[in-house]
Amino acid sequence: MKFIDLEAQQKRIKTLIDQRIQSVLSHGQYINGPEVGELEGCLASYVGAKHAVACASGTDALLMALMAYDVGPGDAVFTTPFTFVATAEVISLLGATPVFVDIDPHTFNLDPAKLERAIEAIRANDPSIYPLPRTDSLFPHHSLPSAKGVIGVDLFGLPADYDRINDVARSHGLFVIEDAAQSFGGEYNGRKCCSLADIACTSFFPAKPLGCYGDGGMCLTDNDHLADVLRSIRVHGMGTDKYNNVRIGINGRMDTLQAAILLAKYQIFPEEVELRQRAANRYAALFREKAGGSSNFTLQYVPSGAGSAWAQYSILCRDGEHRNAIQESLGRGGIPTAIYYPKPLHLQEAFAHLGYRDGDFPVSESHAKRIFSVPMHPYLHGEDQERTVDIICHACGC
Ligand SMILES: *Cc1c(COP(=O)(O)O)cnc(C)c1O
């Protein structure tokens, strides 16, 4: 049994992938080939965004988005500590300060009410309102960085609450970036993920809902000016051509071969989103049937109006010991599991300079100890899901 089954997917579209790759080998435009523009057009129209800017990875997409807003030293960017490191890493890479905001316990996403408090705390330089970075060396004379933007993360494919996040951000004059690395294919109140904030950033890492055969990413936005700036940043801050440099940029281009592979996979992507939803529904029904009413574990809450891309199917256990016991039972049964994420970012050594402490973000800390993910992909068999749920319920004694 596989955690993510890329082979089953490849079997379905092997001919198409081979044709697409052959076509790139024939035209030989390995950088900026026609497939890149074709992919940008397809995916922009799929999510309902005006512009798509393909790039080399999800991390580059986030970096380029922050660079488009001129984020740098002295700027605070608010985000969740319960995410993949890249979300906050790019903030630090630009010399800005990640300011963490705890998650909602049910959706596992950035809590808009806590975001409001964190912004007020920064504004008032008052950590009694909300936990702030504690570093005199970073902020000499106690001058805290000023609030500049927010990165919401659509964890496991479930969109964050952008109606409220955008409202809070707008009332304080902050930009909002949607880290949609896990949520391509998800939905929120009738709109698609990747269209829910000023700029959305997604990833085509192989294990994401839409993955290529290497690294890839994309920025999506409705803003004409930001799209121009993103295209410039992607190629070393180019102006009218690449030997006319108008700003500091990066080498953030997507390989033509990866765009070609994504175009082949896109042919079956909408169907795969439905298959993931069907697998998620089946898990939920099995848990209801076999463990209805048990308080030994809970599932990620999907608010009405939201649709997850189901990058991961995660289960929150009663406590850490319980989680270990369940994972061991599943492992003995040949069912792979993973933990996203075992340590929240504010407690990672990489962010030690921010001076955060255990206890600052209790929901993220508790979830990191109790969560784990079970196999999820479009080609999951019902019998395997049933066996997974049986083993979990048996290990829980429910
Ligand atoms: C995967 C991921 C990224 C980074 O994407 P890469 O393509 O691996 O660089 C960023 N944020 C989140 C939430 C992710 O899951």
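# Notebook: a chain and its ligand

I note here that the model is predicted.

**Entry on Glu178.** I looked up where this residue belongs. Glu178 is part of strand 5, which covers residues 175-179. Is Glu178 buried or exposed? I find a relative accessible area of 0% for Glu178. Buried means under 20%, so Glu178 counts as buried.

Next I listed what Glu178 touches, leaving out residues up to four places away in sequence. The list includes Gly152, Asp154 and Tyr162. It also includes Ser183 and a run from Cys193 to Ala197, namely Cys193, Cys194, Ser195, Leu196 and Ala197. Ile199, Ala200 and Cys201 are on the list as well. I also checked Val150, which is 28 residues from Glu178 in sequence. In space the two C-alpha atoms are 8.5 Å apart.

**Entry on the ligand.** I turned to the ligand and its surroundings. How many residues surround the ligand? I count 15, and the closest are Gly58, Thr59, Gln182, Ser203 and Lys208.

Ser203 has a side-chain N or O atom 2.6 Å from an oxygen atom of the ligand. For Lys208, the distance from a side-chain N or O atom to a ligand oxygen is 2.7 Å. With Asp179 the ligand atom is a nitrogen, and the distance to a side-chain N or O atom is 2.8 Å. I also looked at the ligand's surface. Alone, the ligand exposes 380 Å², and the protein buries 93% of that area.

What kinds of residue form the shell? I sorted them into five nonpolar, eight polar and two charged residues. Helix 3, residues 58-68, and helix 4, residues 86-93, each contribute at least two shell residues. Which helix gives the most to the shell? I find that helix 3 does, with three residues.

**Entry on His377.** I moved to a loop. His377 lies between strand 13, residues 371-374, and helix 12, residues 382-396. I checked its cover. The relative accessible area of His377 is 4%, under the 20% cut-off, so I call His377 buried.

I looked at what the side chain of His377 reaches. The backbone nitrogen of Tyr379 is 3.0 Å from that side chain. A polar atom of the His377 side chain also lies 3.3 Å from the backbone nitrogen of Leu380.

**Entry on the whole chain.** I stepped back to the overall build. The chain holds twelve helices and 13 strands. Its radius of gyration is 21 Å, close to the 21 Å given by the globule rule for 398 residues, so the chain is as compact as a globular protein of that length. I took the spans of the C-alpha trace along its principal axes: about 65 × 60 × 35 Å.

I ended with totals. Of the 398 residues in the chain, 56% are buried. The chain exposes about 16100 Å², and 50% of that comes from carbon and sulfur atoms. I also looked at contacts between residues at least 6 apart in sequence. Of these, 71% join residues at least 24 apart.

Note on methods
Residues numbered from 1 in each chain as written. Predicted model: local features only at pLDDT ≥ 70, side-chain atom pairs only at ≥ 80, totals over all residues. Heavy atoms only, no water. Near = heavy atom within 4 Å. Polar contact = N/O pair within 3.5 Å; in protein donor to acceptor, adjacent residues only side chain to side chain. Areas by Shrake-Rupley, 256 points an atom, 1.4 Å probe, with all protein chains shown as cover. Helix = DSSP H or I, 4+ residues; strand = E, 2+ residues; numbered from the N terminus. Nonpolar A, V, L, I, M, F, W, Y, C, P; charged D, E, K, R; others polar. Rg over C-alpha atoms; globule rule 2.2 N^0.38 Å. Buried < 20%, exposed > 50% of the residue type's maximum accessible area, 1.4 Å probe, protein only. Contact = heavy atoms within 4.5 Å.
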